[in-house]
Amino acid sequence: MAEKKTKKETAPKKKETAKPAAPVKTAAPVKTAAPAEKAPAKEQKEARIGVFLCHCGTNIAGSVDIEDVQEYAKTLPNVAHVDNYQYMCSTPGQGKVKEAIKEHNLTGVVVAACSPRLHEPTFRTASKEGGLNPFRFEMANIREQGSWVHMHDREGATEKAKDAIRIAVAKASLLQDLIPKSVPVEHAAMVVGAGIAGMQAALDLANAGIKTYLIEKNPTIGGRMSQLDKTFPTLDCSQCILTPKMVDVGRNENIELMTCAEVENVEGYIGNFDVTIRKKARGVLSMEEAEAKGIVGGGCNGCGDCEVVCPVIKPNPFEMGMKPRKAIYIYHPQVVPLIYHIDWDSCIKCNLCVEACGDKKAIDLEMQDELVKVKVGTAILATGYDIFPIEKKDEWGYKKYENVVTSLEFERLICASGPTGGHLVRPSDGATPKKVAFLLCAGSRDSTGIGHPYCSRFCCMYSLKHAHQIIEKIPDAQPYLFYMDIRSFGKMYEEFYYRIQDEGAKFMRGRVANVLEDPTTKNLIINAEDTLLNRPISLEVDMVVLAAAVEPAAETDKTRKLFGVSRSMDGWLLEAHPKLNPCGTTTAGVFLAGVCQGPKDIPDTVASSEGAASAASIPIHMGEVELEPYFAQCIEEKCAGCGMCVNLCPYQALSLVEKDGRKVMQVTEAKCKGCGTCGGFCPGGAIWMQHFATPQIIAQIDAFLLGGAK
Amino acid sequence: MHEYAFFLGCIAPNRYPGCEAAAIKTSEKLGIKLLELQGASCCPAPGAFGSIDLNIWYAMAARNLLLAEQMKKDIALICNGCYKSIYEVNEKLKHHKELREGVNEVLKGIDMEFKGTIDVWHLAELLYDPKICGLQKIRDSVTVPLEGTRIAVHYGCHLMKPKKERHFGSTEHPYWIEEMVAALGAEPVEYRNKMLCCGAGGGVRGYDLVHAIDITNEKMINLREVKADALTEVCPFCQLQFDRGQIEIEEKFGVKWGLPVLHYNELLGLAQGMSPQELALDLHAVSCEPFLEKIL
């Protein structure tokens with residue numbers, strides 16, 4: 001089953017990663033090598049810089065005196081041409097750049113406009129079309145760092161714009177031609193997390209012909225969606241629509257599914273990620289694994305004989321602890337893959353299961369964790385969410401009063417395959433509740449500092465669904481929904497809201513102050529304010545369901561650090577752009593799918609996963625990616641071969657090699673990220689940081705402090 | 001011996017002098033010496049003063065704090081209202097520079113300056129804290145165990161809330177004073193809506209007496225349901241509301257509850273062998289006799 005590139009080895013369980021026996025391929029071969037320009041180029045000819053000022057409508061011109069800045073720019077050294085335009089990024093604006101390059105024989109271009117994050121690529125392309133190497137373009141940010149922050153200080157903003165342009169011109173005068181390198185992209189992808197988001201992304205990638213590793217920390221795929229009973233607003237059974245996908249994932253030839261697995265280490269860059277995966281000891285062999293070990297006809301067939309004899313009884317986490325399971329168990333009958341697994345924390349190694357398993361020899365109580373190395377071109381994180389520990393809001397009495405449950409517990413209690421066979425009961429006495437209160441925004445939209453300030457986005461809709469379910473299942477049932485706003489934003493959602501209103505659910509707009517228990521009946525008294533009728537409410541109900549907030553899954557932080565992905569303020573993973581690049585991250589080649597980026601319902605999760613899969617497949621299908629040529633270069637005649645830089649490099653991109661009888665440093669360009677650590681340190685000044693070279697930076701500092709480029 | 005400047009407050013010395021006597025005498029047996037805080041004024045009452053002029057509230061509380069700063073002693077007190085004023089103002093002035101400067105401007109008039117060198121404690125939390133006293137010490141000091149009595153606890157709002165500005169853990173389901181009650185040999189009882197206000201705080205009693213005693217009456221109903229022999233609290237103002245409030249409930253609603261209400265220090269005094277006379281229990285509006293009969 002393992003692919004050619006997959007190297008396996010055993011490692012002690014839950015211990016530090018052992019070093020791989022075989023060395024990992026250090027770097028991808030560079031496809032189009034640039035003409036080596038190792039030494040800082042001497043000025044081929046006198047610098048002639050064109051400066052272009054953007055008004056950005058009134059965004060810049062409203063606070064910066066363009067005319068004044070234009071006159072100033074003309075006085076700067078090396079400036080051969082100055083122009084301005086309403087919108088430099090428009091076609092005529094770019095046309096100005098192209099024409100001026102030819103007309104004035106420019107050697108460098110400075111556009112003073114917005115952030116380079118927005119339009120650097122635009123103007124690099126324009127410079128290239130004008131016949132200039134694109135890396136001879138420099139951007140001066142006079143909008144985000146100028147006009148916008150000094151909106152009411154025209155004089156200050158104008159002076160700051162002059163400074164920014166002077167600095168940019170100084171650098172542009174020393175910029176050199178650079179040629180980006182292309183590296184091949186591994187024809188494989190990885191998806192971390194196999195809930196509905198990860199499954200969908202993996203299926204899309206696999207169906208597009210890409211080998212996909214799907215990594216799941218739990219023993220089965222399916223995630224949160226498999227715990228749900230019905231889905232809103234269509235009310236189809238969650239498992240019924242999910243299991244076909246689970247089966248698809250299980251048998252898709254392009255998907256290599258790894259359950260009980262976690263990402264242990266990530267090295268490399270877009271196109272060439274070397275990922276180490278810890279396959280945690282499951283204790284049970286699959287049929288394939290058994291065959292590989294020469295056990296004919298052996299391995300787990302899911303018969304469950306082991307579970308019957310296991311003497312240990314623990315709560316099943318899949319059932320939110322409301323149903324017992326053994327130390328060897330499966331979450332539910334529809335798990336994929338259908339292989340039992342052992343909970344090592346509760347296993348007493350009595351060997352009864354091994355005996356029950358008999359000739360299949362599927363159970364290995366001495367199994368060790370395994371480290372697997374794979375190489376992928378791109379990766380998608382789909383790590384999902386956890387439920388906010390709502391007991392922290394102790395005014396609602398969760399974990400204090402038996403009949404206060406969370407929505408996920410309610411899902412299991414109302415689900416036909418759940419611990420009660422779909423008969424909703426009160427945990428305290430097993431009675432059928434008639435009056436059930438749903439507390440929305442439990443821990444969401446919470447500014448007390450205990451909960452989360454954001455909207456968890458799907459609680460309104462599933463609470464409406466819950467209200468419908470009890471009306472449908474329990475005669476004379478009365479649901480009460482305590483809400484702040486009902487956010488029924490999706491397709492057919494508002495219609496669903498009206499439907500539930502018509503069915504008789506009662507809606508009270510107001511936050512619940514506290515929930516009290518009647519110690520004798522275990523009924524709950526809800527104290528709230530009805531803000532529509534302007535009066536306090538005190539309502540006695542049989543059961544309270546808290547629509548608890550969601551938060552990033554516990555392991556998210558560890559995983560995101562391995563992949564170099566940031567978090568936004570609210571803790572969710574940070575997308576590259578909230579509107580225009582919601583699936584990408586600031587790390588090239590790493591994408592986000594589903595709730596790990598922010599709360600989403602199932603339709604939005606699936607849509608985001610398909611977006612992430614599409615984005616992740618592009619570099620793979622292109623076959624190669626261009627890396628920005630910001631590499632370190634060794635100036636060999638100055639290099640003393642001391643090797644200090646080699647140790648400093650965080651990316652293992654440098655090494656010492658023999659050349660002409662002495663040692664010099666050599667850069668593996670594909671690994672170099674251009675961080676500048678080596679260049680800043682080198683005692684001999686022998687390292688040239690392309691595009692951020694010492695003379696270029698000194699010129700910028702001089703320009704700023706001395707008021708003119710040298 | 002841990003020494004503290006003892007901030008008396010107003011209600012304890014004026015209405016329930018037994019609370020004051022009990023606090024000083026019982027603490028001494030537990031290794032806590034309460035020293036007189038000479039020249040102290042009203043805390044001032046957080047609801048009454050704070051609603052009218054916050055600056056005056058800060059400045060007056062700061063003056064009381066400064067008296068203790070001069071003694072170089074932390075403050076201990078026995079009233080939740082005082083706790084709100086003295087504790088909260090101390091914390092706020094310590095952490096908000098602008099506020100501190102404003103208050104110091106006022107204090108200049110009496111040649112004083114707030115420096116923030118001391119802490120403020122409720123005596124109840126000191127008694128509970130094993131580093132200062134702790135349950136075992138309380139248990140050891142008991143000579144007349146309150147065995148066979150069911151005692152309910154009222155925590156009081158100003159002690160526990162706002163949650164963000166307190167450090168007592170759960171503000172909805174606290175149990176530590178119950179533990180202290182159990183240490184005296186009594187059986188602590190839980191009751192419905194334990195954390196409901198006594199009815200008096202925040203100026204409600206002064207503004208709308210009927211509304212205030214309506215809340216008190218609800219507490220009485222819930223307490224009767226669990227057959228409590230007495231109610232204990234750590235706030236003379238709550239005590240006033242529960243004690244005198246029962247007379248007012250009788251007058252206005254015609255219901256007679258007759259539930260003895262005792263400050264925790266009074267209970268502690270009884271358990272340590274102080275006589276009802278020493279504790280001035282005869283000054284309570286509701287007779288403590290039915291309770292005393294059970295233990296003496």
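These legends walk through several close-up views of a predicted model. Because this model is predicted, local features need pLDDT of at least 70 and side-chain atom pairs count only at pLDDT 80 or more, while totals for chains, interfaces and linings use all residues. Residues are numbered from 1 along each chain as its sequence is written, chains are lettered from A and ligands numbered from 1 in the order in which they are written, and side-chain values use heavy atoms, with hydrogens and water left out.

**View 1. Helix H2 of chain A and what covers it.**
Helices here are DSSP runs of H or I with at least four residues, and strands are runs of E with at least two, numbered from the N terminus. Look for the buried residues Gly93(A), Gln94(A), Gly95(A), Val97(A), Ala100(A) and Ile101(A); buried means under 20% relative accessible area, exposed over 50%, and partly exposed in between, using a 1.4 Å probe and protein chains only. Their cover includes strands S2 (49-54), S3 (79-85) and S4 (108-113) and helix H3 (116-129) of chain A. After the helix comes Asn105(A), with a positive phi near 55°.

**View 2. A five-stranded open sheet in chain A.**
The strands pair in parallel, in the order S21-S28-S22-S23-S24. S21 (404-406) and S24 (506-509) stand at the edges with a single partner strand each, so one side of each has no neighbour in the sheet. Neighbouring strands are turned by 25° against each other on average, direction ignored. Two strands count as paired if DSSP finds at least two bridges between them; S22 (435-442) and S28 (543-548) of chain A have five, and Ala442(A) is partnered by Ala548(A). Helix H12 (459-473) lies across S22, S23, S24 and S28 of chain A, at about 165° to S23(A). Axes are lines fitted to C-alpha atoms, for helices over the stretch in contact, and angles run from 0 to 180 degrees between N-to-C directions.

**View 3. Helices H6 and H15 of chain A cross.**
The axes of H6 (196-207) and H15 (602-622) of chain A come within 8 Å and cross at roughly 40°. The two helices are therefore oblique to each other: angles under 35 degrees count as roughly parallel, over 145 as roughly antiparallel, 65 to 115 as roughly perpendicular and the rest as oblique. Among the residues that meet here are Ala197(A) and Leu205(A) of H6(A), and Val606(A) and Ala613(A) of H15(A), where contact means heavy atoms within 4.5 Å.

**View 4. A hairpin in chain A.**
S33 (654-659) and S34 (662-667) of chain A pair in the antiparallel sense over six bridges, with Leu654(A) opposite Val667(A). Two residues separate the strands, and Asp660(A) in the turn has a positive phi of about 50°.

**View 5. Backbone spots worth a second look.**
Most residues other than glycine have a negative phi, and most peptide bonds are trans. A cis peptide bond joins Phe232(A) and Pro233(A), with omega about -15°, and another joins Cys43(B) and Pro44(B), with omega about -5°. Met492(A) has a positive phi of about 65° and, at 48% relative accessibility, counts as partly exposed. Asn193(B) also has a positive phi, near 55°, but at 10% relative accessibility counts as buried.
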